[in-house]
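Dear colleague,

Please find below the sequence and structure that I am handing over to you. My findings follow directly after them.

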Amino acid sequence: MTSKIEAHNLKEEIEEITNKALKQGIPNHKCAVFRILREDQFSPKGKATLLNNNHHENLIFDCNLCKACEQQTNLCQAFQKARQLLALKNKEPKANKEILENMKKTGNVYGIRN
Ligand code: SF4
């Protein structure tokens, strides 16, 4: 029950942030990820549009949370919340799960025991 409420709250917070950002305008040209991948869904505006339409996809992890796309908005916070939402639904990328498991078992991201 708690996770359902948490997920609902996260969705509302994401929508609030992305609404504001989309109205203000989001500078795609500042995004290093978009400059390399050159596909709209990887742009900050593309990610914000997807999130704003309740599409919480794993491509939100294709972002280095550098904040270059923020212009008086907390867009990065929306991306972090979307990751949190996916983790809550157990839908984060396999690599992230492995990193967490490695940290729990060995204290480092590689899973190497000293
Ligand atoms: S925070 Fe993410 S989307 Fe925004 S500019 Fe940086 S890499 Fe791109």
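A residue is taken to be near a molecule if its C-beta atom, placed from the backbone, lies within 6 Å of it. Please note that this is a predicted model.

The ligand. On that basis, 14 residues surround the ligand, and the closest are Cys31, Pro44, Cys63, Cys66 and Cys69. Two elements, helix H2 (32–37) and helix H3, each give two or more residues to this shell. Sorted by class, the shell consists of ten nonpolar residues, one polar residue and three charged residues.

In soluble globular proteins, nonpolar side chains tend to be buried together. Here, the largest nonpolar core has 18 residues, of which Ile14, Ala48, Leu75, Ala78, Phe79 and Ala82 touch the most other members. Helix H1 (2–24), helix H3 (44–52) and helix H4 (75–88) are the elements that contribute two or more residues to this core. The most come from H4, which gives six residues. As for Ala48, if its neighbours within four places in sequence are left aside, its contacts are Thr18, Ala21, Leu22, Ile26, Leu75 and Ala78.

Met103. This residue belongs to helix H5, which covers residues 94–106. Is Met103 buried or partly exposed? Met103 counts as partly exposed because 13 other C-beta atoms lie within 10 Å, whereas a buried residue would need 20 or more. Not counting residues up to four places away in sequence, Met103 touches Asn108 and Val109. Leu85 is 18 residues from Met103 along the chain, and the C-alpha atoms of the two are separated by 21 Å.

With kind regards

How values were computed:
Residues numbered from 1 in each chain as written. Predicted model: local features only at pLDDT ≥ 70, side-chain atom pairs only at ≥ 80, totals over all residues. Core = buried A, V, L, I, M, F, W, Y, C linked by C-beta atoms within 7 Å. Buried ≥ 20, exposed ≤ 12 C-beta atoms within 10 Å, placed from the backbone. Helix = DSSP H or I, 4+ residues; strand = E, 2+ residues; numbered from the N terminus. Contact = placed C-beta atoms within 7 Å. Nonpolar A, V, L, I, M, F, W, Y, C, P; charged D, E, K, R; others polar.
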